[in-house]
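Work through the exercises below with the model open. Each task is followed by a stepwise solution.

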Amino acid sequence: MGSDHFLAVFTTLSGTGAKNARKWSDPILAFSAKRTTAPDPRGAFFMPARPSPLLIKYAQARSPSEDGTGIQGVVDMTVEAIRKRRSVRKYEETPVSDDQLSQILESARYAASWANKQGWQILVIKDAGIQAKLSEALEGNPGSKAVSQAPVTIVVCMDPNESGSPNDKQYFMTDAGILMDHIMLQAADLGLGTVFIGFFDEDKIRPVLGVPDQFRIVGITPLGVPAKIPGERPRNELADIVHWDKW
Ligand SMILES: Cc1cc2nc3c(=O)[nH]c(=O)nc-3n(C[C@H](O)[C@H](O)[C@H](O)COP(=O)(O)O)c2cc1C
C-alpha cells in the first residue's frame, strides 16, 4: 500500500487528516517512513508499512528517546511485525537461540489480561520425542506436521479460575489470545514463524504434556525459521467492519 494511499485512507476515516498530514513533515516521522519502506535488513518476509499517527504517539509515550533506538525501534517493530506475520506451517531445522526464546517469553509476559490475573502457564517444548507425540495427537490439523518439524513448540495453558467470566464471557480465552499474539508478533519481529493451533482434542494432548486438569490447553504454536512463507491471506476491508459512532 503506497504511503499516499495510507494517508488518504486515514484522512477519510479519521477526519483529522490535515493535522496528521502536518505530523508527517516532522523529520523523525519522515525518517520513520523512510525506514519502514526500506528493505528489511534481516531479509525476513517483509511487508512495507507506515506507522499510524496513533501508534507513533504510543511509541513516543513509551520510549521518548529520539536516537533511532527509542521511538523508531518501537514503531518499526510493531508495525512491521503485524504486517509480516503469517501462519507458517513448514519449518527449517535451524535452532532457535536462547536469546530469541527469552525475548519471545518476555514479550508474552507483558500481555494484557482480565483484572491482570495472568492466569497462564507456558510450556516450552524442545524435546523431539515429545514434539513427535504432540504432532501425533494433533493428527488431521493442518499445523500438526509443523509441530514435529520446528525446533520449539510453545503451548499456552489457562486456569479459568484465575480469570473472570462475568456477563457470560470467558475472559481466559481472550487473555490466551492476547498472550499468543504477543508470542507470534515478537517471533515475527525476530524473523521466526509461528501458527496458532487452536483446534484439537484436549484429552489427547493433556497426557502427552502432563497438563494438570485445572488448566485448559488453549493454544499451541511451533516456533522456528520458516521453510516456506505463505502469501498474505485476504482481510475484510475497513468499510465492511468498522462502524463510526453507532452501528
Ligand atoms: C484462535 C485461532 C485458532 C487457529 N487454529 C488453527 C489450527 O488449529 N490449525 C491451523 O493450521 N491454523 C489455525 N489458525 C490459523 C488461522 O488459520 C490463520 O491465522 C488464518 O487463516 C489467517 O492466516 P494468517 O495467520 O497467515 O494471516 C488459528 C488461528 C486462530 C486465531
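**Exercise 1. Describe the open sheet and find its edges.**

Step 1. The open sheet has three strands, ordered 1-2-3, with antiparallel pairing. Strands are DSSP runs (E, at least two residues), numbered from the N terminus. Two strands pair if DSSP finds at least two bridges between them.

Step 2. Strand 1 (120–125) and strand 3 (216–223) each have a single partner strand, so they stand at the edges and one side of each lacks a neighbour in the sheet.

Step 3. On average, neighbouring strands are turned by 20° against each other, direction ignored.

Step 4. Strand 1 and strand 2 (residues 152–158) run antiparallel and are joined by six bridges. Trp120 has Met158 in strand 2 as its bridge partner.

Step 5. Helix 10 (residues 202–209) packs on the sheet and touches strand 1, strand 2 and strand 3. Its direction makes about 70° with that of strand 3.

The model is predicted: local features need pLDDT of at least 70, side-chain atom pairs count only at pLDDT 80 or more, and totals for chains, interfaces and linings use all residues. Residues are numbered from 1 along each chain as its sequence is written.

**Exercise 2. Characterise the packing of helix 6 on helix 9.**

Step 1. The axes (lines fitted to C-alpha atoms over the stretch in contact) of helix 6 (residues 98–109) and helix 9 (residues 171–189) come within 8 Å. They cross at roughly 145° (angles run from 0 to 180 degrees between N-to-C directions).

Step 2. Helix 6 contributes Gln103, Ile104, Ser107 and Ala108 to the contact (C-beta atoms, placed from the backbone, within 7 Å). Helix 9 contributes Leu179, His182, Ile183, Gln186 and Ala187.

Step 3. The contact residues divide into five nonpolar, four polar and no charged. Here Ala, Val, Leu, Ile, Met, Phe, Trp, Tyr, Cys and Pro count as nonpolar, Asp, Glu, Lys and Arg as charged, and the others, Gly among them, as polar.

**Exercise 3. Classify the ligand shell.**

Step 1. Residues around the ligand (C-beta atom, placed from the backbone, within 6 Å) include Arg86, Asn141, Phe196 and Arg233.

Step 2. The shell has six nonpolar, four polar and two charged residues.

Definitions and conventions
Helices (H or I, at least four residues) and strands (E, at least two) are DSSP runs, numbered from the N terminus. Two residues are in contact if their C-beta atoms, placed from the backbone, lie within 7 Å.
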